[in-house]
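Biologist: I would like to learn how to read sheets and helix packing in a model. Could we go through one case together?

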Amino acid sequence: MDTKHLGINSKLIHAGHRADPTGAVNVPIYQTSTFAFRDAQHGAALFAGEEDGYIYTRIGNPTIRALEESVAELENGCGGIATSSGMGAVSTLYLAVLSAGAHMVSTASVYGPSRGLMEKHFSRFGVESTYVDTSDLTQVRGALRPHTKLLYVETPANPTMQLTDIAQVSALAHAHGCLVAVDNTFASPYLQKPLDLGADVVLHSVTKFINGHADVVGGILVAKDPSVCKLLRSVMVNFGCNMDPHQAFLVLRGLRTLGIRIERAQRNALEIAHWLERQPEVQSVRYVGLASHPQHELAKRQMKGFGSMISFELKGGMEAGRRLMNALKMATLAVSLGGVETLVEHPASMTHAGISPEGRRAAGFSDGLVRYSVGIEDVEDLIADLRQALDAVATESREVATVR
Ligand code: LCS
């Protein structure tokens, strides 16, 4: 069935779905490392690329391909490359685009390891990088050098919730001759389509919204141009960070409900963000759906909805934030995000601990920032949980003050 013209929720169910020879309604888990050739000529034709088919699971597998084709169609790209993790996708991108002597410009508050990988490891091979607030076009322009080969943007960024205008930075980077890649993990293809806005490559940690059930780690890359797709696939295959068929099956299952999960989670998030803004203990709330978010207008233009990631800070700073995380009962204290369950974490000591305190401050977030990934529970229960935790923080703070 041609699914190109379908709405996004129909695409989530049908895109990339090929009829299985057995008639199986769901794409089966082809749990095999290798595939038999009909004869020697068939094997040779597959290796020569003269015939489409499967050789070896690191190179390709029907379950993995179904996921790749599905996400590629959702992102309006020419092909997908599934990887063992989101970091596998980031590594594949860096390895494919950057050689010794090259330079990358990226979002200062990009996911910690995406920056750590570059600063601690790619730097050993003579690749340089500069981190700026990519929401500010002047800063991006100022960071570009003659040997800049990649502009790597995360929007919304983890955990600052800063947005980058994809169309604007893509035009600037392309005029400079460099490739633009967007980490679309926080938005998912349901809310944002970077390739349509001008980017060349989009990537996801499918561990998050795309799978959505906190039971798989995985990643995917989608490129607009077939030659970029081919390059990324060649690096992934030779680097060996392929996805596993069982992983792909679970992610495909999660993908089917992406729309209804996101719609519900973002409804909860908007209500919680408004509620948090009204609480006297709360210093600031960062949620792209709030009119108080500095790029709320860009969010309305660039995204189809506001998502379900909130960051906030309490007036009591780091100590109050730590107490709150310990007092929450329904929200689970754990890293990761984008699942059906609400998770809370502390970026400065957890996901972004690898970035120096100065780097974190320059990226725009304090040590007191708490990140809250809103799930699909009943919003009244989530708010009650936050209220009891804020009360517990107040009681504990009073007790500590009395003892002193
Ligand atoms: N990109 C973004 C925006 C992420 O948030 C993460 C993981 C990755 C890439 C890497 O994906 P992974 O290899 O873990 O599948 N973010 C995490 C986080 O904020 N908490 O735990 C993991």
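This is a predicted model: local features need pLDDT of at least 70, side-chain atom pairs count only at pLDDT 80 or more; totals for chains, interfaces and linings use all residues.

Biologist: In which sense do β5 and β6 pair?

Modeller: Strand β5 (residues 179-183) and strand β6 (residues 201-205) are parallel, with three bridges. For V182, the bridge partner in β6 is V202.

Biologist: Now the helices. How is their packing described?

Modeller: For two packed helices one gives the angle between their axes and the distance between the axes. Take α4 (residues 86-97) and α5 (residues 112-121): their axes come within 10 Å and cross at roughly 40 degrees. This crossing is right-handed. On the α4 side the contact is made by M87, V90, S91 and Y94, and on the α5 side by P113, S114, L117 and M118. By class, six of these residues are nonpolar, two are polar and none is charged.

Biologist: At what angle do α4 and α8 pack?

Modeller: The angle is about 115 degrees, and the axes of α4 and α8 (residues 226-239) are 9 Å apart. The crossing of α4 and α8 is right-handed. S91, T92, L93, L95 and A96 of α4 meet L231, L232, V235, M236 and F239 of α8. That contact has eight nonpolar residues, two polar and no charged ones.

Methods
Residues are numbered from 1 along each chain as its sequence is written. Side-chain values use heavy atoms; hydrogens and water are left out. Axes are lines fitted to C-alpha atoms, for helices over the stretch in contact, and angles run from 0 to 180 degrees between N-to-C directions. Helices (H or I, at least four residues) and strands (E, at least two) are DSSP runs, numbered from the N terminus. A crossing is left-handed if the near helix is turned anticlockwise from the far one by less than a right angle, and right-handed if clockwise. Contact means heavy atoms within 4.5 Å. Ala, Val, Leu, Ile, Met, Phe, Trp, Tyr, Cys and Pro count as nonpolar, Asp, Glu, Lys and Arg as charged, and the others, Gly among them, as polar. Two strands pair if DSSP finds at least two bridges between them.
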